[in-house]
There are 2 protein chains.
Amino acid sequence: MVVSESALRNFTGNIFLAMGCSTEHARLAADVLIRSDLRGIDSHGVARLTGYVRLWEKKRINTTPGIKIVHQTPTTATVDGDAGLGLVVAPFAMRLAMEKAEQYGSGWVSVRNSNHFGIAGYHALMAVEKDMIGFAMTNASPLVSPTYSSERLLGTNPICYAFPAGKYPPVVVDMATSAAANGKLEIAQRLGKQVPEGWIQGKDGKSTTDPHALKSGGALLPLGSDPEHGSHKGFGLSATVDILSAVLSGANYGPWVPPFVAFLDPPDDPVGAGIGHFVGAMRVDGFRPVDEFKTHLDNWIERFRSSATINPDQKVIIPGEPETAAEIYRKANGIPLVDAIVNDLNGLAEKFGLILIDH
Amino acid sequence: MVVSESALRNFTGNIFLAMGCSTEHARLAADVLIRSDLRGIDSHGVARLTGYVRLWEKKRINTTPGIKIVHQTPTTATVDGDAGLGLVVAPFAMRLAMEKAEQYGSGWVSVRNSNHFGIAGYHALMAVEKDMIGFAMTNASPLVSPTYSSERLLGTNPICYAFPAGKYPPVVVDMATSAAANGKLEIAQRLGKQVPEGWIQGKDGKSTTDPHALKSGGALLPLGSDPEHGSHKGFGLSATVDILSAVLSGANYGPWVPPFVAFLDPPDDPVGAGIGHFVGAMRVDGFRPVDEFKTHLDNWIERFRSSATINPDQKVIIPGEPETAAEIYRKANGIPLVDAIVNDLNGLAEKFGLILIDH
């Protein structure tokens, strides 16, 4: 089924409204999810909508949060999300970071007591629209083992850096710090296929190619996969995300991060409040004139894109380029939804007395 | 040969003095190199000294630089290193970032017209001493191919994040964004051994285990090694370092970065000045009280260090822990130097009419 952007946006906004969000919050939360679907990151768009609803039903998401700045300096702040949707808390934090950057050159906000914030790229790209460099990261429920560990202690803890270019789309590095995303495992599970070595380990910590290993006590591996290939670096990056997002803000970190799935309860010995994010913005013209920066970033893009390639039919991919291409295509042609997601959304429609109409 | 810290520091400082550095710069440059040797990062310590001397002989390093702030806002700045040693230019930039952080909460400095800055950890740790979070990164001569490319377009572009803990040593994530460091290839070359798949590719872009492939037109691979294991993420991180360090400051980027080795000339069509760095500092108490942060970071460290392990004899390693242990040991017991380095240093001693005395 293919649904137009506007129909899916409308439906999604109305679900959030039915959950008790204000109109403004419902619009914003829908915008974050729809942008993910537009950009081809199907795992983080409306596919997550039932997940948010279930957390709300469990009273783990507050749809009328009093989001507060609890501490600040001219260029730093800590925000308490009051258990709100990360989809609205993170944009609040990013706007604050941008206001600080507008005034002082840069702004940095650590966030506690939040929930899943969608794609990191959404938040970082807010800054790019104002000729700023955007940063966004979040911790997440533990699915990844540090190097040498058989325990799940870290989330897939994504990092995003976004840079405004001139005649080209922004460069957007938006990546989980694990070797493979959970979504790729789910695809392999559905197809009954094995996964490559280096994505996951079994309960005993041994490498495995069984995509179901994660569900039976195994773990995802950090970027780098094994010590010989630098998995301690993926672990280090993931640790950095955890510390900036949660140790700095007063959120839960490591194995204490509450699970996204509603059927698992949060740990009963929390070390902080909710999950944590860290966002930031730096004005490009705090360093050099914007047009100079953009001209050179365009030159950077051209040089890398035209690089000699290993295979003639596979060019070098500039970070963010496939997502921009998807966004243009899907805005024009609609958003494809697999049957499982259509069923999920129809279930929500029924629950809230709404309808999902395709175009 | 084992040399005491003080003897090696003295010798190294005198070499920089003989190159024309001021006493202050000679002390500082020696401090950066010796700290690398103390922390067990032998590839970036006095092992590089002959490299700096050769670049100076080629007039590519200016030992009496007029380091200048060319642009700034309250929390951002661009510094021109006047072709000075990165070993003195980067600490200048870091002090500036820390002054801004002291006043406004955070400070960020992009640097152009510099040279190799030693270990990123040195600069990031300057901030930690003042209860700030430290960031340091640099671009470097092209040795790494982006995913799908057969060209070398990026350096090993290291990133460092450093965090002050309470009763434990700081957490220091200091990592090249390539799968393996060049130093590891050199060891394999000396021993006549093959290297693992996933470290390098040959001139044709095909994976190889021949450690000499890098010298015959091959390239190091980004962290993640291949597309299936997330090499586009390593590429994205390396691109981020290149953009923040050079596109933002006006340094050379990508394939235009001048080589560290003096026998290769810099490209004759530069896109900027020298190599670039990016450093930053954020006051911990810009987000939450320092003692709260440190208590929670200690708790984080304890939880990760005591994690269940795959093998009983290999605990989880907290980032920075092995380097701190090396620093304590080598301060007490001296710095071991392999014969090749001793020969290098004796060659320098002869050139400048100095002596290297062991303890």
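Is A:D291 buried or exposed, and what is its relative accessible area? A:D291 is exposed, with a relative accessible area of 53%. Here buried means under 20% relative accessible area, exposed means over 50%, and partly exposed lies in between (1.4 Å probe, protein chains only).

This is a predicted model, in which local features need pLDDT of at least 70, side-chain atom pairs count only at pLDDT 80 or more, and totals for chains, interfaces and linings use all residues. Residues are numbered from 1 along each chain as its sequence is written, chains are lettered from A and ligands numbered from 1 in the order in which they are written, and side-chain values use heavy atoms, with hydrogens and water left out.

**View 1. A:D291 in helix α8 of chain A.** Helix α8 covers residues 290-305, and A:D291 is part of it. Helices (H or I, at least four residues) and strands (E, at least two) are DSSP runs, numbered from the N terminus. A:G105 is 186 residues from A:D291 in sequence. In space, the two are 17 Å apart, C-alpha to C-alpha.

**View 2. Chain A as a whole.** Chain A holds ten helices and twelve strands. Its radius of gyration is 20 Å, close to the 21 Å that the globule rule gives for 359 residues, so chain A is as compact as a globular protein of that length. The radius is taken over C-alpha atoms, and the rule is 2.2 Å times the number of residues to the power 0.38. The C-alpha trace spans about 50 × 50 × 45 Å along its principal axes. Of the 359 residues, 62% count as buried. Among contacts (heavy atoms within 4.5 Å) with a separation of 6 or more, 65% come from residues 24 or more positions apart.

**View 3. Strand β6 of chain B, covered on both faces.** In a regular strand the side chains alternate between the two faces of the sheet. On one side of β6(B) sit B:I159, B:Y161 and B:F163, and on the other B:C160 and B:A162; all are buried. Five of the five residues of this strand (159-163) are buried, so it is largely enclosed by the rest of the structure.

**View 4. The neighbours of β6(B).** Two strands pair if DSSP finds at least two bridges between them. Strand β5 (residues 132-138) of chain B pairs with β6(B) in the antiparallel sense over four bridges. B:Y161 in β6(B) stands opposite B:F135. Strand β7 (residues 171-175) of chain B also pairs with β6(B) in the antiparallel sense, over five bridges. There, B:M175 is the bridge partner of B:I159.

**View 5. Two cysteines of chain B.** B:C160 has a relative accessible area of 1% and is buried. B:C21, at 6%, also counts as buried. A disulfide is a pair of cysteine sulfur atoms within 2.5 Å. By this rule, there are zero disulfides over all chains.

**View 6. A three-stranded open sheet in chain B.** The strand order is β9-β8-β10, with antiparallel pairing. β9 (207-208) and β10 (219-220) are the edge strands, and each pairs on one side only. Two bridges join β8 (residues 200-201) to β10(B). B:L220 in β10(B) is the bridge partner of B:I200.

**View 7. The two copies and their axis.**
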